[in-house]
Amino acid sequence: MTVDTTPTSVSGINIKSSQNRLLIKNGKIVNDDGMEDLDVYIEDGIIKQVGRNLIIPGGTRTIDATGKLVMPGGIDPHTHFELEMMGAKSADDFYKGTRAAVAGGTTCVIDFVLPQKGQSLLEAYANWREKADGKVCCDYGLHVGVTWWSPQVRKEMQQLTTEQYGINSFKMFMAYKDAWMLDDYDLYCAIETCAELRALPQVHAENGNIIARNTEKLLAKGVTGPEGHQLSRDEEVEAEAVNRACVIANQASSPLYIVHMMSRSAVRALQQARARQRHVLLGETLAASVGTDGSHYGNSCFRHAAAHVLSPPLRPDPATPQALCEALADDDLQLIGSDNCTFHEKDKELGKNNFCKIPNGVNGVEDRMAILWQKAVNTGIMDPCRFVAVTSTNAAKIFNMYPQKGRVAVNSDADLVVWDPKLERTISAATHKQAVNFNIFEGQHVVGSPQYVIVNGRVCLDDGELRVVEGFGKFIKTAVDSPAVFGSAPAPAAAPAQLDVSHVSNGSPSPDLGNMTKSVESLSVSGCSTPTGRKMREPGARNLQTSTFSISKEIEGLDTKTSVRVRNPPGGKSSGLW
């Protein structure tokens, strides 16, 4: 069981005393483009050497990673810490939320600044920075919401993309009518502005007008419990908005990122749009959507059912979680976030007699990586390289943090996870680090979890013991014009050829090289879009797939593949030269 130490401020601890030099030996490095048996030497928060037979200074701490995987720390692209919504404030603040993130192997989060209607975006940004800077246990970035539209908003978006503020992504809502929702005209203007600024527009894709009318009808019929939440916004309502958002982005000549895609219908809508549009279209799903389903909304216990309420909702179709795992493996979806937005039971009870007043949000920042490993890697749907891509590297590339983050390589940040693929545990609210006493993954047995987590060179999960430092993390400014989204050169007239990129242990691959994604011209590829082309099964389990991937062989260093064929960036073709 992980034991948390008493939180200590940066000013109250000598964090360099024994933490500035670290050697990780005998592990297997896993990047998005290959796996290799190499050691890693860290000094002053940076990866200084990667290789074998390294020459290192005396007094260096050594971690023996025999039988373990050494991966880039997770990057959660979607959290909501200390968010005020629907009359409540989310329970996980920036300390508790990032503490839980680190416990689960995530070393960087990207939270959302969400202004109220009429509020200055710059003012809201300053509020979020003030809330986060002194509390975060790991590095963090910010997206900024565009919840209303005016010439002032347009001007402030431009200001936020400067180096002073470091914002390269803006989120718009097609739902939450009378709160954060934009109509199509304002959405078009906001996306068009993002394209002009070379920033990435993000969209919460649900038809807010349909949801509002369905809610009125359900309440009139006496449907007031949590089951009404899912009934008011079924898959069609999500898929329609995904299609509409993609059409608007195409009209605005802009790339687009769809957050928290929760259904097979939504994924199909994104696939169809990607086949007809030339700009990058990116899709994110959640730990919640691959780890559980919407059957919980029918639970007779209000506390249980309400604890699963989020938007878009979990889907009642029990095949949805596997379908979304396969979409991640096949690159129909590019990232997995948590949308972590927890609320105490008393806050959920605000909607006791009216489901539309239940604050929306669930946990996930702590269990995101273990849940995906269990559901996708142990079942043979994806291999460890693709796991690294969707939990870390793709986010680093898309939000222009790569290769500072998202890669185990020389000169990258020492944000690392030593992952034990055989470590077994049972997820429970009794042992998790989050601020609430409910966990939507309660009782699930997972095989594979972090043994050590290194944040900026400091061992913050030390053989299962959590040793985070409040305020140790820093704000990461993200520059616009991400090569993974906008490309680095005009597109050639002919279809781009495949590039052969060998694994480089000195950490200097081009940041605009995508992760084994299929092109928009050819959406039907094999079931595993990872460099090894192999899948993975749970240790000891019979392989029911057509794969020959074996974790034991990979750990022993057999048949390791160190090069990869790269086609297009995450999300399909852009105007770049890939």
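**A walk from sheet to core**

Let's start with four strands, which line up as an open sheet in the order S6-S5-S2-S7, with mixed pairing. Look at the two ends of that row: strand S6 (46-51) and strand S7 (61-64) each have a single partner strand, so one side of each has no neighbour in the sheet. From one strand to the next, the twist averages 20°. Keep in mind that what you're looking at is a predicted model.

What holds such strands together? Strands of a sheet pair through backbone hydrogen bonds, either parallel or antiparallel. Here, strand S2 (residues 21-25) and strand S5 (residues 39-43) go for the antiparallel sense, over four bridges. To see one of them, find Ile 24, whose bridge partner in S5 is Val 40.

Now hop over to a pair of helices. Helix H13 (residues 368-377) packs against helix H14 (residues 384-398) at an angle of about 145°, and their axes are 11 Å apart. On the H13 side, the contact is made by Arg 368, Met 369, Leu 372, Trp 373 and Val 377, while H14 brings Pro 384, Phe 387, Val 390 and Thr 391. Sort these residues by type and you get seven nonpolar, one polar and one charged. The crossing itself is right-handed.

Leu 372 turns up again in the largest nonpolar core, which has 113 residues; together with Val 146 and Phe 170, Leu 372 is among those with the most contacts inside that core. Leaving aside neighbours within four places in sequence, Phe 170 touches residues including Val 144, Val 146, Met 157 and Leu 160. There's also a second, separate core of 19 residues, and Val 70, Val 410, Tyr 452 and Val 459 are among them.

How values were computed
Residues are numbered from 1 along each chain as its sequence is written. This is a predicted model: local features need pLDDT of at least 70, side-chain atom pairs count only at pLDDT 80 or more; totals for chains, interfaces and linings use all residues. Side-chain values use heavy atoms; hydrogens and water are left out. Axes are lines fitted to C-alpha atoms, for helices over the stretch in contact, and angles run from 0 to 180 degrees between N-to-C directions. A crossing is left-handed if the near helix is turned anticlockwise from the far one by less than a right angle, and right-handed if clockwise. Contact means heavy atoms within 4.5 Å. Ala, Val, Leu, Ile, Met, Phe, Trp, Tyr, Cys and Pro count as nonpolar, Asp, Glu, Lys and Arg as charged, and the others, Gly among them, as polar. A nonpolar core is a set of buried Ala, Val, Leu, Ile, Met, Phe, Trp, Tyr and Cys residues joined through side-chain atoms within 4.5 Å. Buried means under 20% relative accessible area, exposed over 50%, partly exposed in between (1.4 Å probe, protein chains only). Two strands pair if DSSP finds at least two bridges between them.
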